[in-house]
Amino acid sequence: MRRTAPVVLAVTLAAGLAVPAAAAPTPPAPPIPLGQVVPAPVSVHANTAVGYTLSPTSVISYDLGNSATRQVAQWLAGQLRPSTGYPLPVVPAVPFVSLPGISLAVGGADPSWGSEGYRLAVDNGGVHIKANSANGVYDGVQTLLQLLPAKFAAKTAQRGPWPVAGGEIVDYPRYAYRGAVLDVARHFFTVAEVERYLDEVSRYKINYLQLHLTDSQGWRIQIDGWPRLTSVGGSSGVSAGGVRAGYYTQADYEQIVRYAAARFITVIPEIEGPAHSNAALASYAELNCDGVAAPLFQGVGPSPHEYLCLGKDITYTFLDDVIRQVAALTPGPYLSIGGDEAAGVSAADYATYIHRVQAIVAKYGKKLVGWQESAAAIDPAGALIGLWIPDPDDTRLKAAPAAGGKLVMSPAFTAYMDMQYAADKPAAGVGNNWAGYIEVQDAYNWDPNTVQDGVSGSGVAGVNIPLFTEYVHSPAEIDSLVFPRLPAIAELGWSPPSTHDWNSFRTRLAAQAPYWDQTGVHFYRSPQIPWPTR
Ligand code: TNX
C-alpha cells in the first residue's frame, strides 16, 4: 500500500487535479520598485540584495535638536499606525546607535540638495532619510509613502507585510516654486475640503497654494470693518451646477495656513482687481463709480460690473484695509493681486491702480504676485508673474527677469486643470474647453524653460497648476480634473529634464491608482495610462 502512494500522487498531478491550497502559501508581494515614484527622483540606485520590512518593533527616530523634524516624525507615525497596527514609537535618535525602523535626520546632508532635497537609503536595518532641513525630510517621507503598499493609507488595520525596496534615492527639485492655484470664489470649498486637497497635492511635492479668494462671483475672506463683503459677497457663487456659497473667517483662514505649513506648503492669498470685482461692488455701494451697489453676479465670464472704481479714494482705502488684514494672516512672503483680464480700463488707469496696490502690498511687508498682464505696470523686483498665455511679443514680460522678477509657468493650453481631457471627459458639464482639451500626455509634454519666448533659466521660478472652478461643483469633480494631470506638471516642476520620459511617467502614474482607490480620490481613468485592473 505505502509503496503505491507516490504513484497515486504522480497520477493525481498528471491528471491536473488541484493540490490542496495549504501546501503552497502564497509568497508575499514583492516590494514596490525603488524608482516607482512621482515626481521622478534625481537618482535611484536599487539594491535588491537588501530591503526593510516594517515590524511591530520598528521605531521612528528623529534628531533631538530639530523640533520640526519631530513633527514630521509624528505625522508619519500618524499615517502608518492605523493601517499597520504597529506602535511605531517616535523617539529621539541616539548618537552612534542605529535603531531599527525609520530614521529622520537633519544635517550632514549634501548642501547641493538645497532645503528641499533629501537622501533616502534603505538597508536591512531600516529606512534612513537625511536632509538639510525638516522640509527635505518631509519630501523624503512623501517618497517613502509611495514606496509602501497603498493600503498604508487605510484607516483600519490591514494585513502586512510592509516591505520597502533596498537601495538609495538622492533627490532635489528643479524649481523652487511648484504651486497649485485653487479657485474658491466661483464655487466655494470648505476648510476641510481645502485641507484634503492639500493632503493630496502634497504627495506630489507641491509647495505653494495660491488661494483665489475673490472674484466677481464670490468674496471668501472675512475682513474686519467690511462685514458685507462676506454677508453679501460670500452668499454668492456661480449658479450653474448649484451655488456653493460661503467664506472663511480669519480663524478658518489661519487654520488653512497652519495645515498647509505642516505640509511645507506656503499659502499665497489672492485678492483680485481691478477686474473680477463684482462681489465687492455688490457688497458696498460706495465702491461703485455711480454709488449704486451692483447686483450679485452668478454667471460665468466677465460680469456687467467687473471693475473697481479706479478714480475713487475709497477704492484704495478699501484695498489698504483688505491687504493689511490678509497680509497679517500670511506668514509667507507673497500676496497676489490678480491683475488679469482688465482690458476694459485704460492702460494708464490700469498702471495707476497696479502701482498703488503694489505700494500697499510692499507697505505690509509682502512681495507681489500678479498674472502676466500686471507685467505691463509692476516693478518686477522680487515679484512673481503668472504666465497663462505665452506671448512672444510681450516685451515687458520678457524684460521682467532682468529687472528681478521671475515667471511662474501655467500655460492654459497644457496646465489649466479646469480644461476637459476630451469632449465630455471627465463628464459632461464638468470643466471647460476654451484652451482646448488636455489629455495626460499633453499636460506632461512641455517644458517650463521653453514655454515663454525669451524667459528661461533663472527667470523661471517654476510651475503653477491652476484649477478655476466655474464648472467644478464638488470635491469629487476637483479630483477628476486634477488627478491624474496634476502629478504630471508637479513632475515638470520637480524632476530634472533628464528624467522626462512619457513611457516611464505613464507606468509610474499608473502605480498611483491603488493609493487613489484606497483614499477615495475620484481620479479620471485616462485611456492613455496602463492602469492596473481593480
Ligand atoms: C482665465 S487665469 C482666468 C480666470 C478664469 C479662467 C478659466 C486668469 C488669469 N484668468 O478668471 O477662471 O481663465 O479657465
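**View 1. The side chain of Ser216 and the backbone nitrogen of Asn278.** In this predicted model, the side chain of Ser216 reaches the backbone nitrogen of Asn278 at 3.1 Å. A polar atom of the Ser216 side chain also lies 3.3 Å from the backbone nitrogen of Ser277. Both are polar contacts, a term for a pair of N or O atoms within 3.5 Å; within protein, one atom must be able to donate a hydrogen and the other to accept it, and residues adjacent in sequence count only if both atoms are side-chain atoms. Ser216 belongs to the loop between β10 (214-215) and β11 (218-219). Helices (H or I, at least four residues) and strands (E, at least two) are DSSP runs, numbered from the N terminus. With 2% relative accessibility, Ser216 counts as buried; buried means under 20% relative accessible area, exposed over 50%, and partly exposed in between (1.4 Å probe, protein chains only). Neighbours within four places in sequence aside, the contacts of Ser216 include His276, Ala279, Phe297, Ser303 and Glu306, where contact means heavy atoms within 4.5 Å.

Residues are numbered from 1 along each chain as its sequence is written, and side-chain values use heavy atoms, with hydrogens and water left out. Because the model is predicted, local features need pLDDT of at least 70 and side-chain atom pairs count only at pLDDT 80 or more, while totals for chains, interfaces and linings use all residues.

**View 2. The surroundings of the ligand.** The residues around the ligand are Arg186, His276, Asp340, Glu341, Trp371, Trp388, Tyr416, Asp418, Met419, Trp434, Phe468 and Glu470; each has a heavy atom within 4 Å of the ligand. By class, this shell has six nonpolar, one polar and five charged residues. Ala, Val, Leu, Ile, Met, Phe, Trp, Tyr, Cys and Pro count as nonpolar, Asp, Glu, Lys and Arg as charged, and the others, Gly among them, as polar. An N or O atom in the side chain of Arg186 is 2.8 Å from an oxygen atom of the ligand. Polar side-chain atoms of Asp418 and of Glu470 each lie 2.6 Å from a ligand oxygen atom. Of the 360 Å² of accessible area that the ligand has on its own, the protein covers 96%. Accessible areas come from the Shrake-Rupley method with a 1.4 Å probe; for residues, only the protein chains shown count as cover.

**View 3. The disulfide of Cys289 and Cys309.** The structure holds one disulfide, a pair of cysteine sulfur atoms within 2.5 Å. The sulfur atoms of Cys289 and Cys309 are 2.0 Å apart, and their link is right-handed, with 100° about the S-S bond. Both cysteines are in the loop between α7 (278-283) and α8 (313-328), 20 residues apart. Cys289 is exposed, at 59% relative accessible area, whereas Cys309 is buried, at 5%.

**View 4. Asp171 in strand β7.** Asp171 is found in β7 (residues 162-171) and is buried, with a relative accessible area of 0%. Its side chain makes polar contacts with the side chains of Tyr118 (2.6 Å) and Trp494 (2.9 Å). Beyond its neighbours within four places in sequence, Asp171 also contacts residues including Ala40, Gly117, Thr143 and Lys205.

**View 5. Helix α13 and its cover.** Six of the eight residues of α13 (residues 475-482) are buried, namely Glu477, Ile478, Asp479, Ser480, Leu481 and Val482. Among the elements that cover them are β8 (177-183), α4 (191-202), β17 (460-467) and α14 (485-494).
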